[in-house]
Amino acid sequence: MGPGPIDADPRVLRAMSASLVGQYDPVMTRYMTQTQELYRTVFRTTNDATLLVDGTSRAGIEAALVSLVSPGDRVLVPVFGRFGHLLREIAERAGAEVHVIEREWGTVFPTSELVAALDRVRPTLLALVHGDTSTTVAQPLDEIGAVCRAQGVLLYTDVTASLGGTRSRWTSGGWTPRPRACRNASRGRPARRP
Amino acid sequence: MSLSERAVEVIGRRTSVEAGLRDDPDDGPSPGRDRIRSNYLDLGQILAYWGPQRLNHHTEATSMLYAAHECARLLAEEGLDAAVARHALHGSAMVAGLTALGLTLFGDQTHRMNNVVGVEIPAGIDGEAARAALLRDFAIEIGTSFGPLHGRIWRIGVMGYNARRDTVLTTLAALEHVLRAGGVRVTGGAGVGAAVERYTEAA
Ligand SMILES: Cc1ncc(COP(=O)(O)O)c(C=O)c1O
């Protein structure tokens with residue numbers, strides 16, 4: 001009953017024990033296509049670019065940030081727990097000019113504070129954790145996608161621990177990652193859930 | 001992960017094709033282009049692998065893909081709304097039980113995650129010793145915490161396959177025992193009772 005890794009559904013463990021097939025075997029490419037479609041359902045998205053990054057959650061985070069952020073780009077990272085600090089570190093390593101706003105652990109940002117920081121920093125990208133397992137609270141995301149889209153800011157949100165477990169709504173145009181393969185059906189699914 | 005069209009466009013301007021796979025020599029990195037600094041995590045290359053081109057990138061971590069496929073199937077079969085509702089139910093039963101054991105929840109409860117509950121370690125209890133006792137005597141693991149919260153709170157997951165009535169009730173019963181053994185005054189059966197009440201209410 002920890003916050004992860006946790007017991008996986010036996011169906012997942014059985015799937016992992018299946019024989020391997022070559023990656024261009026038609027069975028495998030069909031499997032990949034199915035996986036993409038399944039994750040569109042899980043993310044409630046029609047984004048064509050829905051895929052897996054092999055690795056634990058931070059592989060997905062790092063893939064997103066290193067691919068989206070060019071050195072010198074301004075990135076805004078609101079930090080309300082450990083995993084906000086992780087986003088900050090990864091954005092810094094990607095060469096971004098990182099601007100951080102912080103909140104006491106156990107609290108979340110009112111949307112107005114996020115909007116004020118967006119106005120002040122004018123970032124290329126906003127990197128925001130949804131459910132931060134280190135503090136057990138979740139940042140509401142309901143309005144922030146629309147604000148980012150209106151301002152031409154890319155939104156990266158980390159739903160590792162909340163996908164399928166804690167509600168969030170994001171508008172298409174904002175985008176969402178869910179990396180990791182395997183925690184369990186809810187925590188991000190392949191996570192967590194995540 | 002899922003990427004919007006806008007994100008794909010940004011990545012497309014920065015990606016390049018690996019040497020040995022190029023049809024067109026111009027697909028390589030060019031000096032003017034702001035090349036993505038990682039190969040393994042180059043989403044442009046990963047997109048080309050997952051896209052209709054199926055352009056080779058990493059040699060697949062096949063078992064992980066099987067696992068991810070099955071995880072998504074489980075969630076899709078259950079339904080996303082039902083999965084969230086299940087976590088809300090079992091998370092709230094855990095919260096009711098912990099509160100009835102006299103423990104104080106951590107964090108802004110209006111924004112509590114459904115699937116993990118933060119709870120303060122009561123005075124007089126060594127958090128790590130209590131976790132060790134839960135594991136040794138009951139084979140139940142609960143989470144420690146990091147940084148400023150280390151030694152102050154435990155984090156109890158009610159996640160995925162573990163978001164079930166039996167796991168919630170067993171954890172509360174075991175925790176009651178460990179708290180009492182550590183000298184905390186708890187009413188016998190209070191945690192399990194409050195959780196059961198929550199389930200009855202919700203039924
Ligand atoms: C919200 C969140 N983000 C990121 C991570 C990083 O995951 P990992 O360390 O498995 O790569 C975790 C891990 O628990 C997490 O809960």
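1. Read along the sequence, chain A runs α-α-β-α-β-α-β-α-β-β-β-α-β, and its secondary structure comes to 6 helices and 7 strands. Helices (H or I, at least four residues) and strands (E, at least two) are DSSP runs, numbered from the N terminus. Please keep in mind that this is a predicted model, in which local features need pLDDT of at least 70, side-chain atom pairs count only at pLDDT 80 or more, and totals for chains, interfaces and linings use all residues. Residues are numbered from 1 along each chain as its sequence is written, chains are lettered from A and ligands numbered from 1 in the order in which they are written, and side-chain values use heavy atoms, with hydrogens and water left out.

2. On burial, 63% of the 194 residues in chain A are buried. Here buried means under 20% relative accessible area, exposed over 50%, and partly exposed in between (1.4 Å probe, protein chains only). The accessible surface of chain A is about 6800 Å², and carbon and sulfur atoms account for 50% of that surface. Such areas come from the Shrake-Rupley method with a 1.4 Å probe; for residues, only the protein chains shown count as cover.

3. Thr157(A) is buried, at 1% relative accessibility. Its C-alpha atom is separated by 14 Å from that of Leu114(A), 43 residues apart along the chain.

4. Thr62(B) sits in helix 3 (residues 62-78) of chain B and is buried, with a relative accessible area of 8%. Leaving aside neighbours within four places in sequence, Thr62(B) is in contact (heavy atoms within 4.5 Å) with Leu20(A), Val21(A) and Met28(A).

5. Now to the charges: the structure holds 20 salt bridges over all chains. A salt bridge is a side-chain nitrogen of Lys or Arg within 4 Å of a carboxyl oxygen of Asp or Glu. One of them joins Asp81(B) and Arg44(A), at 2.9 Å from N to O. This pair crosses between chains, from helix 4 (residues 80-100) of chain B to the loop between helix 2 (26-43) and strand 1 (49-50) of chain A. Asp81(B) is partly exposed at 44% relative accessibility, and Arg44(A) is partly exposed at 48%.

6. Within chain A, the side chains of Glu113(A) and Arg103(A) form a salt bridge of 2.7 Å, N to O. Glu113(A) lies in helix 5 (residues 111-121) and Arg103(A) in the loop between strand 3 (97-102) and helix 5, so the bridge ties together parts that are 10 residues apart in sequence. Glu113(A) is partly exposed, with a relative accessible area of 32%, and Arg103(A) is partly exposed at 26%.

7. In chain B, Arg164(B) and Asp166(B) meet in a salt bridge of 2.8 Å, N to O. Arg164(B) has a relative accessible area of 26% and Asp166(B) one of 41%. Elsewhere, salt bridges that share partners join Arg11(A), Glu70(B), Arg73(B) and Glu77(B) into one network.

8. Finally, have a look at the surface patch of negative charge where Asp23(B), Asp24(B), Asp26(B) and Asp27(B) gather. Patches are made of residues with over 30% relative accessible area and no salt bridge, with like charges joined within 9 Å and nonpolar side chains (Val, Leu, Ile, Met, Phe, Trp, Tyr) within 5 Å. Asp24(B) is in the loop between helix 1 (5-12) and helix 2 (43-50) of chain B, and is partly exposed at 34% relative accessible area.

How values were computed
Lys, Arg positive; Asp, Glu negative; His and termini not counted. Charge placed at Lys NZ, Arg CZ, Asp CG, Glu CD.
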